[in-house]
Protein chains: 2
Amino acid sequence: MRKASIATVLVLVSSNAIAHDDLMKTAKQIFKPIPYAIPTLNDNPMTTEKVELGKMLFFDPRLSASGIISCNTCHNLGTGGVDAGPTSVGHGWQRGARRAPTVYNSVFNVAQFWDGRAPDLKAQAKGPVQASAEMNATADHVTSTLNSMEDYVGKFKRAFPRDTPPVTFDNFAKALEAFEATLTTPAAPFDQYLNGDGNALDDQQKAGLQLFMDKGCASCHNGINIGGQDFVPFGVMERPNIKLRPAADQGRFAVTKASSDQYVFRVAPLRNVALRAPYFHSGQVWTLQEAVGIMSEVQLGAKLSERENNDIVAFLYSLSGRLPKIEYPILPTRTKETPPPSLDR
Amino acid sequence: MRKASIATVLVLVSSNAIAHDDLMKTAKQIFKPIPYAIPTLNDNPMTTEKVELGKMLFFDPRLSASGIISCNTCHNLGTGGVDAGPTSVGHGWQRGARRAPTVYNSVFNVAQFWDGRAPDLKAQAKGPVQASAEMNATADHVTSTLNSMEDYVGKFKRAFPRDTPPVTFDNFAKALEAFEATLTTPAAPFDQYLNGDGNALDDQQKAGLQLFMDKGCASCHNGINIGGQDFVPFGVMERPNIKLRPAADQGRFAVTKASSDQYVFRVAPLRNVALRAPYFHSGQVWTLQEAVGIMSEVQLGAKLSERENNDIVAFLYSLSGRLPKIEYPILPTRTKETPPPSLDR
């Protein structure tokens, strides 16, 4: 009797080990760990000078018309690369239509913005700074502000040594892209798991990973960013509640004008998702439990049990990686040539 | 002839050296260098845990009602501890009545705010967070927000190990005070000069220092902070332009109700003043040249020559010290108990 029990246990352990080997093997085919090395950029070589300059620009509120809104206001590096939500507040206390997407790991996305209208981060960087409901500046305000401070001009020269003049709106965007590309968060438990450490996830997280693949979540949420690669309608199986999917925002349709793109959005990247409530482009859902339940219903037509939901949420917590250490930049001092702030709408 | 010239030069050099010794000696009686050591606080012992907690609170916008305004929004550590001005923008895009005072070296001031209505930094810390035109929160919003995040509660426990409960509005203010007390900027050229390095100021700066004392500026702007110690009417000799001294803001009169306190303000501390345009409580003057000219006229009844003005400005540039390196804090993650942001006015 005792022997038989031991034998049974051994068989179970063994098959469990095989199952776990299979799980890891399958996961490795679908997902990729975040590399430890900073990614390189097409047509925008990264140098220390450019990255440091980009960091200053990222934190400089004087690039907004009002002088109080910086990139970091909505993409706050202290709170998962997003703001408090639901959607962002900008110039004139205007409420934007969509939740701020995170800047962390955004370099791994196929395109930028919820509707993917910018092909890369340097194209993205030109958007919010000029949007009237966000930073409400102009390209001219940006370059005039930067050119008014010698220290900035010197830093542009060193970051873009071949360009005359060095301070341009394009180079502003390139420096921001270079900094943002360094904002990757490797070494999450799930990365350690994908790199072969079977103990990096606990049993509930492994069950959640299995469900995440079995239920179909991983058919969209995959790759390095566990999303961020494809464009998919929000509401494949069921129409989401109008609060979550307001009729006024038809997603990618505004970019392509193709009726097939109505309510189509870039698949949300799920890296560090546990840090980033509220969820969805409308920012109306405040817990991961609720977000997972909604996604399984409207995208997959599946009703998860409470346990399945909790397991998937436990897995999503394993996507929280190591955030880079950022020294808060001391910015160049304004001069009498620096355009004064304007609060006008 | 040649010998005589050399002798003359020697006499001049020698009397120059004596004059410079006198200048340094006089300056040491009037001003004090910023100590390299972080100051200690009455009834609020500074610990690493408390300072680190205070830094998180300083940068956390979720302590405001809207979720987008932190202490750092108006006291931006990247821009001299102030915002872009002229006066601060707060909740609901409201424009405050006064320029944000710098948080750098504020620990050395005799009292806080332009009118000195807070005796210390922990009293000050409770003001803007509750002001409807600034962060528009309540003490309850602050403690509810902090209590909703375990990570914050743990940090309060370690910062205030004897207090039950650890998270209180008082302790929030004490942690902020502890962090802010670390924001000192030693080693400015003028500090090096006061510490005995005669070469730390150039000749123009020495001439400016001499004028700063001879003309009477130093009778108010003295001590460690080159100001920040006394309460003096703005407009001793002449009434300032109404744009600079709007009738609606009678300064310390609002605190004491004494008619002798009409238009009385705390003497502006001049440390790092070159980093902090625009100037005055109304924030209407964008260059140091203009500010120095106005002050000499309305406070001292003196009309400076252009050269005198430039020399004093050169001296003021020697007050820019070494800003502390700040690692941008990663903040605790919100939970479903965290109060959601509210933009309502």
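User: Where is A:F113 found?

Analyst: A:F113 sits in the loop between β2 and α4 of chain A. Keep in mind that this is a predicted model.

User: What is its phi like?

Analyst: A:F113 has a positive phi of about 80 degrees, although it is not a glycine.

User: And is A:F113 buried or exposed?

Analyst: A:F113 counts as buried, because its relative accessibility is 13% and the cut-off for buried is under 20%.

User: What about A:N105, where does that one lie?

Analyst: A:N105 is in the loop between β2 (94-95) and α4 (121-130) of chain A. Its phi is positive too, near 60 degrees, and A:N105 is not a glycine either. With 0% relative accessibility, A:N105 counts as buried.

User: Switching topic: which peptide bonds are cis in chain B?

Analyst: One of them runs from B:G85 to B:P86, with omega near 0 degrees. Another joins B:T164 and B:P165, where omega is about -5 degrees.

User: Which loops are those prolines in?

Analyst: B:P86 is in the loop between α3 (71-74) and β1 (89-90) of chain B. B:P165 belongs to the loop between α7 (150-159) and α8 (169-181) of that chain.

User: OK, now the two chains. How many residues does each give to the contact?

Analyst: Chain A gives 41 residues and chain B gives 41 residues. The area buried between them is about 3,600 Å², and carbon and sulfur atoms give 69% of that.

User: Which residues have the most contacts inside the largest nonpolar core?

Analyst: They are A:L57, A:L77, A:F172, B:L57, B:L77 and B:F172, in a core of 82 residues. Beyond its close sequence neighbours, within four places, A:L77 is in contact with residues including A:F58, A:V103 and A:F179, and with B:Y328 and B:I330 from chain B.

User: Last one: how much space lies in the second largest pocket?

Analyst: About 720 Å³. It is lined by 38 residues, and the closest to its centre are A:H221, A:A268, A:L270, A:F280 and A:M295.

User: Which element gives the most to that lining?

Analyst: α11(A) does, with 7 residues. By class, the lining of the second largest pocket has 27 nonpolar, 8 polar and 3 charged residues.

Definitions and conventions. Residues are numbered from 1 along each chain as its sequence is written. Chains are lettered from A and ligands numbered from 1 in the order in which they are written. This is a predicted model: local features need pLDDT of at least 70, side-chain atom pairs count only at pLDDT 80 or more; totals for chains, interfaces and linings use all residues. Side-chain values use heavy atoms; hydrogens and water are left out. A nonpolar core is a set of buried Ala, Val, Leu, Ile, Met, Phe, Trp, Tyr and Cys residues joined through side-chain atoms within 4.5 Å. Buried means under 20% relative accessible area, exposed over 50%, partly exposed in between (1.4 Å probe, protein chains only). Contact means heavy atoms within 4.5 Å. On a 1 Å grid over the protein atoms alone, a cavity is a set of points where a 1.4 Å probe fits but cannot get out, and a pocket is an open set with protein on both sides within 12 Å along at least five of seven lines; lining residues have an atom within 4 Å of a point. Grid points are joined across faces, edges and corners, and a volume is the space filled by probe spheres set on the points. Helices (H or I, at least four residues) and strands (E, at least two) are DSSP runs, numbered from the N terminus. Ala, Val, Leu, Ile, Met, Phe, Trp, Tyr, Cys and Pro count as nonpolar, Asp, Glu, Lys and Arg as charged, and the others, Gly among them, as polar. Buried area is the accessible area (1.4 Å probe) that two parts lose on being put together, summed over both.
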